[in-house]
Amino acid sequence: MEQFLHQIINGISLGSIYALVALGYTMVYGIIKLINFAHCDIYMIGAYVGYFCMTFLGIGFVPSLLAAMAVCTVLGVTIEKIAYKPLRNATRIAVLITAIGVSLFLEYGTMFFVKAQVRSYPPLTGLLAKTLQLGNISVPMLQVLILAITIILMLLLQFVVNKTKIGKAMRAVSMDQDAAELMGINVDTTISFTFALGSALAGAAGILVGVYYNSINPLMGVLPGLKSFVAAVFGGIGIIPGAMIGGYIIGIVEVLISGYINSMYRDAFVFAILILILILKPAGLLGKNTREKV
Amino acid sequence: MKKLAETMRNTKSWTKLLLLVLTYVIIQLLILFGIIQDFQQITLTTICINIILAVSLNLITGFTGQFSLGHAGFMSIGAYTCALITMRMPTIPGFILGLVAGAVAAAVVGILVGLPTLRLRGDYLAIATLGMSEIIRIVFLNLNITNGAAGLSGIPQFVNWPWLFVFTAGTILLIVNFLKSSHGRACISIREDEIAAEAMGINTTKYKVTAFAIGAFCAGIAGALYASYFFFIKPTTFNFQKSVDVLVMVVLGGMGSVSGSVLAAILLALISTFLQSFSELRMVIYSLILIIIMIFRPQGLMGSKELSLSMLSKLGSKFSFRKGRV
């Protein structure tokens with residue numbers, strides 16, 4: 001039982017990271033119907049920015065987190081402006097292939113500059129290195145921190161999307177781009193803002209995964225990126241609460257499978273879940289089935 | 001008149017056959033005289049395998065319009081099946097058996113995966129095929145018979161230029177002739193407009209699965225050739241990167257152009273030979289090619305045009321006409 005609770009706590013930590021990345025996928029897909037393959041590499045860049053801040057600049061965890069989020073925001077918006085904006089009216093396959101290109105460019109460009117070796121984060125100090133005693137299970141403060149930061153960021157995101165003017169514009173554009181434009185919404189700004197939000201969350205996830213697993217490399221984003229996308233599809237792509245729920249479910253399932261069945265097969269299970277979901281309920285857990293129009 | 005057209009068609013196919021035989025003989029002679037040495041033969045093999053992969057993926061993605069990111073998965077099935085069979089039967093018939101078994105196994109998996117997933121469209125299909133090829137890779141990584149992450153080594157080597165030529169030319173002929181048939185036209189109509197094709201009475205699922213199975217079959221052959229030539233395979237050889245490599249060839253050559261795929265496969269194999277010692281730079285260049293092509297020439301080098309003999313002769317007459325005027 002104790003071990004099971006431990007696994008669940010580990011699953012929640014992992015799920016928080018998946019959920020943060022999945023939010024970016026789901027928002028971008030919701031607004032321009034693009035699987036942003038480069039998103040997982042923005043997460044990787046976030047981890048590297050955090051690493052450089054904490055190792056070479058020697059600044060604390062929270063300023064590094066903010067720095068990683070800021071750099072990723074700028075990067076995300078730049079990618080959108082350079083690579084995706086010229087293709088606004090192109091076929092979806094063309095944009096998807098561009099996204100794969102951007103993803104490879106970020107991965108191997110990073111590898112070219114920082115080399116392929118695995119790097120490890122500096123050890124945490126102070127409060128973060130302690131553990132929290134809850135009854136007879138001990139929870140590292142780090143996991144509490146990951147959960148807290150994730151929840152804060154998600155609440156902020158919910159606030160931005162539901163209560164502010166730009167959030168309203170985002171929802172309008174994702175519903176009907178042409179009608180939104182006719183209502184005087186600046187579609188380009190709204191799309192850039194969506195990329196900015198998603199990239200900031202990915203940057204935060206990157207630095208969190210860096211301190212959690214303590215090792216980063218230029219290709220670290222590929223598998224978590226795919227699994228986060230699975231999480232987004234699982235919850236219903238384009239739906240923000242869906243991505244959160246999907247992220248936590250995928251995280252917990254993955255940890256339970258590696259704990260109780262076979263850790264080598266955990267990725268295969270996640271992809272099997274994806275294929276099952278796509279076949280049984282393509283709209284996802286919270287999605288509604290829409291009829292196809294001719 | 002009718003007779004004339006028939007003779008013309010006959011001469012055309014004869015010229016094509018002649019060109020094919022000429023290509024074979026010239027390269028065979030170059031190998032015999034030692035002008036193409038072992039090192040260049042590796043490039044030659046890579047080119048042939050790339051052509052098979054690119055042309056077969058073009059059938060799925062370029063002509064039928066089904067975006068697949070799982071070609072490496074089919075390739076790995078062919079490679080592992082052929083390797084396991086030839087390691088137990090290290091003879092020529094054993095190799096042929098392994099090759100056929102590999103291709104058939106890939107096609108069977110293609111059908112099994114295709115039947116449910118081909119109902120999905122566009123990028124959902126891409127993600128499902130990507131997931132499928134990852135599952136295949138993870139299974140090979142964990143089975144005992146495939147020796148896990150270390151992979152299989154010491155696979156008997158049978159592949160040489162005649163084998164490569166037969167299978168490369170065979171794949172191109174198979175796919176070109178398939179596309180000329182009514183089945184091929186049905187596949188193209190699905191790409192143009194799936195709903196309209198369905199309304200015209202085309203069984204879209206059947207043709208999508210057919211294209212998928214033929215593509216997987218050819219990828220299986222490519223994998224078998226790869227295993228037998230390089231006599232060493234491991235699961236990471238067939239990762240997501242490999243699928244993207246093939247996709248780059250199809251996109252660069254032009255989705256919907258067989259000759260474009262062939263050209264792009266040759267071009268990219270040469271580029272990667274030159275950049276062999278800088279693997280990171282190679283991927284950076286690949287990715288830039290992808291982005292730049294998509295932004296400036298989304299239809300690829302050839303678009304949906306084919307490089308044909310009549311096109312060449314037209315080009316030739318244009319030049320001679322100009323000369324004549326000067």
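Leaving aside its neighbours within four places in sequence, A211(B) is in contact with L59(B), I60(B), T64(B), Q66(B) and C187(B), where contact means that the C-beta atoms of two residues, placed from the backbone, lie within 7 Å. This is a predicted model, in which local features need pLDDT of at least 70 and side-chain atom pairs count only at pLDDT 80 or more, while totals for chains, interfaces and linings use all residues. Residues are numbered from 1 along each chain as its sequence is written, and chains are lettered from A and ligands numbered from 1 in the order in which they are written.

A211(B) lies in helix 9 of chain B, and helices here are DSSP runs (H or I, at least four residues) numbered from the N terminus. Because 32 C-beta neighbours lie inside 10 Å, A211(B) counts as buried; the term requires 20 or more other C-beta atoms within 10 Å of a residue's own, whereas exposed means 12 or fewer and partly exposed is in between. Although A211(B) and L59(B) are 152 residues apart along the chain, their C-alpha atoms are separated by 6.5 Å.

The axes of helix 6 (residues 161-180) and helix 9 (residues 204-230) of chain B come within 11 Å and cross at roughly 175°, the axes being lines fitted to C-alpha atoms over the stretch in contact, with angles from 0 to 180 degrees between N-to-C directions. That crossing makes helix 6 of chain B roughly antiparallel to helix 9 of chain B, a label for angles over 145 degrees. L164(B), F167(B), T171(B) and F178(B) in helix 6 of chain B meet I214(B), C218(B), I221(B) and L225(B) in helix 9 of chain B.

Between the two chains, 34 residues of chain A are in contact with 33 residues of chain B. The largest share of the side of chain A that touches chain B, 15 residues, comes from helix 4 of chain A. The table sets out the classes of residue in both contacts, with Ala, Val, Leu, Ile, Met, Phe, Trp, Tyr, Cys and Pro counted as nonpolar, Asp, Glu, Lys and Arg as charged, and the others, Gly among them, as polar.

| Contact | Residues by class |
|---|---|
| Side of chain A that touches chain B | 29 nonpolar, 3 polar and 2 charged residues |
| Helix 6 of chain B with helix 9 of chain B | 7 nonpolar, 1 polar and no charged residues |

In chain A, helix 1 (residues 2-32) has 31 residues, of which 23 are buried. Just after helix 1 of chain A, K33(A) takes a positive phi of about 55°.

Technical notes:
Helix = DSSP H or I, 4+ residues; strand = E, 2+ residues; numbered from the N terminus. Expected span 1.5 Å × (residues − 1). Parallel < 35°, antiparallel > 145°, perpendicular 65-115°, else oblique.
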